[in-house]
Amino acid sequence: MSVLIFADQSEGQFKKTTYEVCCYGSALASQMGTTAEALVLGSANDIPSLGKYGISKVHHVNNASLDHMDAQVFTKVIAEAVKASGAKVVIFSH
């Protein structure tokens with residue numbers, strides 16, 4: 001059981017809200033007695049930086065087709081990642 005956090009990025013750079021939601025998810029995971037894990041879709045730079053915000057593991061789907069938002073594709077990939085990770089809580093920013 002873990003908390004899975006969607007780490008939003010644009011043009012390879014994580015958005016400010018990604019770091020904020022990672023902090024929130026990490027605190028929630030701590031309260032639940034579990035780990036905070038991140039899901040990164042597409043090409044992203046500086047993935048290890050997420051560790052500074054409490055992320056213990058990163059699930060990275062590095063596929064160029066995920067570099068641009070497509071709601072149907074993202075939904076399918078996120079659902080598969082949630083199932084594979086066994087996460088009981090999934091957090092998105094906004």
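**Exercise 1.** Determine whether Tyr 53 is buried, partly exposed or exposed.

*Solution.* Step 1: Tyr 53 has a relative accessibility of 28%. Step 2: the classes are buried (under 20% relative accessible area), exposed (over 50%) and partly exposed (in between), computed with a 1.4 Å probe on protein chains only. Step 3: Tyr 53 therefore counts as partly exposed.

Two remarks apply throughout. The model is predicted, so local features need pLDDT of at least 70 and side-chain atom pairs count only at pLDDT 80 or more, while totals for chains, interfaces and linings use all residues. Residues are numbered from 1 along each chain as its sequence is written, and side-chain values use heavy atoms, with hydrogens and water left out.

**Exercise 2.** Describe the aromatic pair that Tyr 19 and Tyr 53 form, and state where each residue lies.

*Solution.* Step 1: a pair of aromatic rings is described by the distance of the centres and the angle of the planes. Step 2: rings of Phe, Tyr and Trp (its six-membered ring) pair if their centres lie within 6.5 Å; planes under 30 degrees apart are stacked, over 60 edge-to-face, and the rest tilted. Step 4: Tyr 19 belongs to helix 1 (residues 16-32) and Tyr 53 to the loop between strand 4 and strand 5, so the pair ties together parts 34 residues apart in sequence. Helices (H or I, at least four residues) and strands (E, at least two) are DSSP runs, numbered from the N terminus. Step 5: Tyr 19, at 21% relative accessibility, is partly exposed.

**Exercise 3.** State how many disulfides the structure contains, and explain why.

*Solution.* Step 1: a disulfide is a pair of cysteine sulfur atoms within 2.5 Å. Step 2: the cysteine sulfur closest to that of Cys 22 is in Cys 23, at 7.2 Å, and is therefore too far for a bond. Step 3: the count by this rule is 0 disulfides. Step 4: as to accessibility, Cys 22 is buried at 0%, whereas Cys 23 is partly exposed at 40%.

**Exercise 4.** Locate Pro 48 and classify its exposure.

*Solution.* Step 1: Pro 48 is found in the loop between strand 4 (35-41) and strand 5 (57-61). Step 2: its relative accessibility is 69%, so Pro 48 counts as exposed. Step 3: the C-alpha atoms of Pro 48 and Val 58 are 8.5 Å apart, and the two residues are separated by 10 residues along the chain.
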